[in-house]
Amino acid sequence: MLHHISTRQKILVMAAVMSGLFLVALDQTIISTALAKIVEEFDSFSSLGFVVTAYLLFSTVTVPLAGKLSDMFGRRPVLLSGVVIFTLASLLSGMSANIDQLILFRAIQGIGGGIIMANAFTIIGDLFSPRERGKWQGLIGAVFGLSSVIGPLLGGFLTDAHSIFGLVTDWRWTFFINVPIGIFSAIVIARYCPSIKHDRKHYLDYAGAITITLALAALVLAVDNTELIFKGLIDAGMSLTLIKTILFSLAGLMSVLFILAERKAKQPIIPLRFFKNRTFTSVMAAALLFGAAFLGAILYLTQFNQQVFGANATTAGLMLLPMMAGMISASMIIGLIVSKTGKYKRFILAGYLIATLSVFALSFLTPASPYWHEAVIMVFMGIGMGTGMPIMNLAVQNEFEQHDLGAATASSQLFRGLGSTVGTAVLSGILTAGVTAGLGDLQNDAYVRSLQQSPESSQVIQGEIDANTALQLNAQKDTIASQATAAIDQAPIPEQYKEQQKEQFTENQSAFSDKVVNVFTDSLHVIFYVSSGLMLLAFGAVSLIKERELKGGDVAPGVTE
């Protein structure tokens, strides 16, 4: 514990760290609203997967490496490099002249984001005693909740043409907005963040770095946009199943080699002795399971609002406000209580149980359910997540000495990120399979046939109608109806036939929409069953934590100033 650092300096450092973390959390939601415009400008729909996966891939492989490097060389230089890389890459991404440049700069941005994610939570352990960390973890949890709300709204605002100080915004501003905040964070971190040095030699774990990088890269590529990324190989005749099998096999092989490398390394990236600690192992398992369930539930709840209530992307994001309000409030309040009492396990258990029951309750929503039913459930979901998630790092940090905080905390972020990545892919597959089976063959559907004959819609539904196309058509039904009505009005036919055609189109569209919504809701129920089941398993893992009371002393072990 850096007891000689003034409270003012600690607050300044945390303000800079949280602003940097806010950028990373915001980036995950703000860019999603700009992707359609990016694809349209660069005319490169086939590269859409690369834009998303490039960031995810490089941020994932960076997290464990950055955590260990910060233990070896100090938090300030590593964190500062992450903020600088992220900020510079954001500027370059906004200035991209083509899709290839954007993909490259997104990859570099992912490196910076991974460094920030790995170290932002660890800084708390450097500046504050275990007892004090609770309230700051709560504030960071609130930052994540806030970014989830602001991201889609800000992304939509900036992507659409708006005038700010005489400048007209577009999708590039979703990257440019990171620059001033990043500069502020870099200046404050460089000026005020203390440098902790450990009195020992450093031995870089090259074998561990190579094997964990290859393992994580193969895993991410196997579950995220695999079909788009390896389209060239698939077009050449290689099956998607074979590609995924190769990638999963490579991930497994590299994981085994990583474990062997860590057993021999003098300073391993993730020391295997960590897993002998029951609390660490329990938290990693819970982070993996809860990460998968948490993101899946939020993503598909947004789709529910779009499909059932007909909300656009911005409105669907606003409809999540009750959950975010519960999450932000609970994060801050529980953080203060934990700091006061020194107890944390009971709150993690309570939070996970509330979240589990809330996600299960979502399975009772139907197309006829009023929005307020969903809103009430979301409030409890937010309370559960805000209670359980932010203070998980406290349990990990309380088990290790200062020189291990970076690797231990980064491991928690890594397992949670892997859970989100793999979980989203699995849940997406479940949803697609359910919708596909429920809809059956849509090629002979009257509504689909009418769209295939329409110049405005024919490009959207070329070839076989799959689950994603059906959902897309239903989400865009108002726009399609307006286009269809305009086309009928311009047709050179008698007025009485125009009215008949409009009525027939409306009838066919309504029947198609009802079928899609009902099948989608049934499939979504399965998603919520699986998500609540994963959360219940995470609850079981958390129950195995061996709680040690958070101490409030000034000096943490293992620190030399």
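**Reading surface, fold and one threonine**

Modeller: Welcome! The protein chain has an accessible surface of about 24000 Å², and carbon and sulfur atoms account for 64% of that surface; the areas come from the Shrake-Rupley method with a 1.4 Å probe, and for residues only the protein chains shown count as cover. This is a predicted model, where local features need pLDDT of at least 70, side-chain atom pairs count only at pLDDT 80 or more, and totals for chains, interfaces and linings use all residues. Residues are numbered from 1 along each chain as its sequence is written, and side-chain values use heavy atoms, with hydrogens and water left out.

Biologist: How many helices and strands are in the protein chain?

Modeller: Helices (H or I, at least four residues) and strands (E, at least two) are DSSP runs, numbered from the N terminus. Here there are 23 helices and two strands.

Biologist: Thanks! And is Thr226 buried or exposed?

Modeller: Buried means under 20% relative accessible area, exposed over 50%, and partly exposed in between (1.4 Å probe, protein chains only). Thr226 is buried, at 4%, and belongs to helix H10, residues 226-229. Across the protein chain, 53% of the 561 residues are buried.

Biologist: Which residues is Thr226 in contact with, leaving aside its neighbours within four places in sequence?

Modeller: Contact means heavy atoms within 4.5 Å. By that rule, with those neighbours set aside, Thr226 touches Leu221, Leu240, Ile243, Lys244 and Leu247.
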